[in-house]
Amino acid sequence: MVLVYAFALLVGGLLIINSVFAYQSKHIDPAFWNTVWYQTKLLPAFFAANIMIGYGVKFSHKVFHNLTFALTLSKGVEIFVCVVIGYWFMKEVPNWKTFVGLGLVVAGFWISKMK
């Protein structure tokens, strides 16, 4: 059950952070002060996302007893979230190369866990 919490926290936190940056790149004027004002308004969201990601890594470390594996898991989740955000905000439809790339990440993830 702790792994489910870890995964949910990682997905939630990474979804918040990647959504903020995707929205910024698409809808916020790139002028310095506009960007600063946007980022300042979203500091509470960044704080919540950082807490969620931190506890997601902590809980996954608690399950696997291997920090490298826990961080690798969080990067794999982040890549998946980036594909979802790319589709959601930028309408970038994943193709076969995207899935091959994700498969390579999963294979590397599995190899890193082998003893």
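The dialogue below goes through the features of a predicted model.

Me: What should I know about the model and its confidence?
Reply: This is a predicted model, in which local features need pLDDT of at least 70 and side-chain atom pairs count only at pLDDT 80 or more, while totals for chains, interfaces and linings use all residues. Residues are numbered from 1 along each chain as its sequence is written, and side-chain values use heavy atoms, with hydrogens and water left out. The predictor's confidence in each residue is its pLDDT, from 0 to 100. Where pLDDT is low, the predicted coordinates should not be read in detail. Here the protein averages 90, and 98% of the residues score at least 70. Helix α5 (residues 96-113) has the lowest confidence, a mean of 82, and α3 the highest, at 96.

Me: How many helices and strands are there?
Reply: Both are DSSP runs numbered from the N terminus: helices are H or I, at least four residues, and strands are E, at least two. The protein has 5 helices and 0 strands.

Me: What does Val-77 touch, leaving out residues up to four places away in sequence?
Reply: A contact means heavy atoms within 4.5 Å. On that basis Val-77 touches Phe-7, Leu-10, Val-11 and Leu-14.

Me: Which residues form the salt bridge?
Reply: Side chains of opposite charge can pair when their charged atoms come close. The rule asks for a side-chain nitrogen of Lys or Arg within 4 Å of a carboxyl oxygen of Asp or Glu, and the count comes to 1 salt bridge. Lys-75 pairs with Glu-78, their closest N and O atoms being 3.1 Å apart. The two are 3 residues apart in helix α4 (residues 67-90), so about one helical turn separates them. Glu-78 is partly exposed, at a relative accessible area of 22%.

Terms used: Buried means under 20% relative accessible area, exposed over 50%, partly exposed in between (1.4 Å probe, protein chains only).
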